[in-house]
Amino acid sequence: MINSLLLFNFRNFSKKQFKFSPEISVIIAPNASGKTNILEAIYLTSTGKSFKAFKENEMIKEGEDLARIDSKTTNVDLEVLISKIEFRKRLRVNGVNKRLVDFSGNFKAVLFGPWDLDLVTHQPSLRRNFLDMVLSQVDREYRRCLLSYEKGVRNRNKLLFRIREEGVSPSQLLFWNQLLIKNGDFLTKKREEFIEYANNYIPLDGQVFSLEYDKSVISEARLETYKNQEIAACTTLVGPHRDDFKFVKDGKDLSIFGSRGEQRMGVLWIKLCELSYVKSMTFQNPTLLLDDIFSELDSAHRELVMKNSSGLQVIITTSEPHYVPEFKGVEKIELGG
Ligand SMILES: Nc1ncnc2c1ncn2[C@@H]1O[C@H](COP(=O)(O)OP(=O)(O)O)[C@@H](O)[C@H]1O
Ligand SMILES: [Mg+2]
């Protein structure tokens with residue numbers, strides 16, 4: 001649970017402190033006043049990464065050199081520093097510098113925003129990111145394998161380029177192949193486990209959704225099959241970085257046959273599933289961050305979200321205060337000045 005947050009030169013905030021209720025906090029403010037930025041900062045202290053920044057230093061307030069985010073959670077104090085000059089990013093737990101893999105996951109949060117509504121229909125990288133976010137949240141070994149795998153793919157691609165352009169021996173691929181197979185297998189296995197969990201998860205409003213894993217297996221044999229193509233393209237063509245999954249309802253591909261409403265329900269279902277998965281795998285209650293999502297849902301589905309989050313700390317942002325009175329005992333945070 002997060003008790004307080006201090007932003008210093010972060011996005012549009014020079015210096016601002018927030019205190020959160022252990023139950024429901026609602027941040028009410030007009031558009032472009034920094035609501036999403038606050039949730040970005042909170043999520044950053046959970047995962048060590050921004051969910052939306054293209055370059056990390058875009059989070060530093062315009063005209064400044066250093067941004068700092070301090071959050072006090074029930075268990076630990078978390079600190080993120082982003083600098084344009086001395087270093088790029090520093091992550092600290094209780095004042096001690098940590099690597100990303102050890103910083104992430106100290107404070108658990110599940111984030112749900114309007115951009116998630118594209119999960120069913122948009123490009124595969126969104127769905128892979130989703131799997132990585134969920135699994136990284138609950139499993140340190142997944143985080144470690146993912147970082148090592150991603151770095152391995154980048155290095156292997158560089159080597160493929162050198163094989164093609166500089167006549168370097170293809171036998172050098174062996175080292176990277178083994179590294180990718182070892183880490184990639186683990187990623188695949190964990191992704192399979194989550195998809196299996198989802199497929200046993202409760203239906204939503206009587207609608208039964210499921211996921212179908214479209215996995216890109218990585219193995220010696222497959223890498224051998226694609227070797228020449230890979231050298232020609234200077235790109236690693238098989239492995240979990242090429243995975244995808246489909247949403248299925250009534251035996252049909254939701255992205256093709258679903259109505260817009262059904263696709264939204266599919267997203268709501270998977271987000272509730274994520275919440276349940278994080279709870280059951282970590283035996284901890286994640287904080288639920290809802291960014292302007294209520295204006296996107298009808299009242300029955302707003303209720304469904306609130307029902308599924310009972311007992312959790314919830315932080316909601318909205319520009320439309322008329323949604324707020326629906327919940328009792330909420331702490332309102334107005335942004336101003
Ligand atoms: N690095 C930055 N420095 C200063 N302002 C920024 C920076 N990054 C974003 N902003 C400002 O933050 C505002 C948007 O904040 P956002 O959290 O998306 O608002 P909301 O969610 O309330 O609509 C914009 O006015 C934008 O110019
Ligand atoms: Mg916003």
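This is a predicted model: local features need pLDDT of at least 70, side-chain atom pairs count only at pLDDT 80 or more; totals for chains, interfaces and linings use all residues.
Residues are numbered from 1 along each chain as its sequence is written, and chains are lettered from A and ligands numbered from 1 in the order in which they are written. Local features need pLDDT of at least 70, side-chain atom pairs count only at pLDDT 80 or more, and totals for chains, interfaces and linings use all residues, while side-chain values use heavy atoms, with hydrogens and water left out.

**Ligand 1**

Select ligand 1 and the 14 residues that surround it, each with a heavy atom within 4 Å. The closest are A32, K35, T36, N37 and I60. The shell comprises three nonpolar, six polar and five charged residues, with Asp, Glu, Lys and Arg counted as charged and Gly as polar.

Next, display the polar contacts (pairs of N or O atoms within 3.5 Å). Oxygen atoms of the ligand lie 2.7 Å from a polar backbone atom of A32 and 2.8 Å from one of N37. At I60, a polar backbone atom is 2.8 Å from a ligand nitrogen. Taken alone, ligand 1 exposes 580 Å², of which the protein buries 70% (Shrake-Rupley method, 1.4 Å probe).

**Two loop residues**

Most residues other than glycine have a negative phi. Move to R11, in the loop between β1 (2-10) and β2 (13-19); its phi is positive, about 50°. R11 counts as buried because its relative accessibility is 15%, the limit being under 20%.

Finally, select D250, between β10 (244-249) and β11 (252-253), where phi is also positive, near 50°. D250 has 64% relative accessibility and therefore counts as exposed, which requires over 50%. Strands are DSSP runs (E, at least two residues) numbered from the N terminus.

Methods:
A polar contact is a pair of N or O atoms within 3.5 Å; within protein, one must be able to donate a hydrogen and the other to accept it, and residues adjacent in sequence count only if both atoms are side-chain atoms. Helices (H or I, at least four residues) and strands (E, at least two) are DSSP runs, numbered from the N terminus. Buried means under 20% relative accessible area, exposed over 50%, partly exposed in between (1.4 Å probe, protein chains only).
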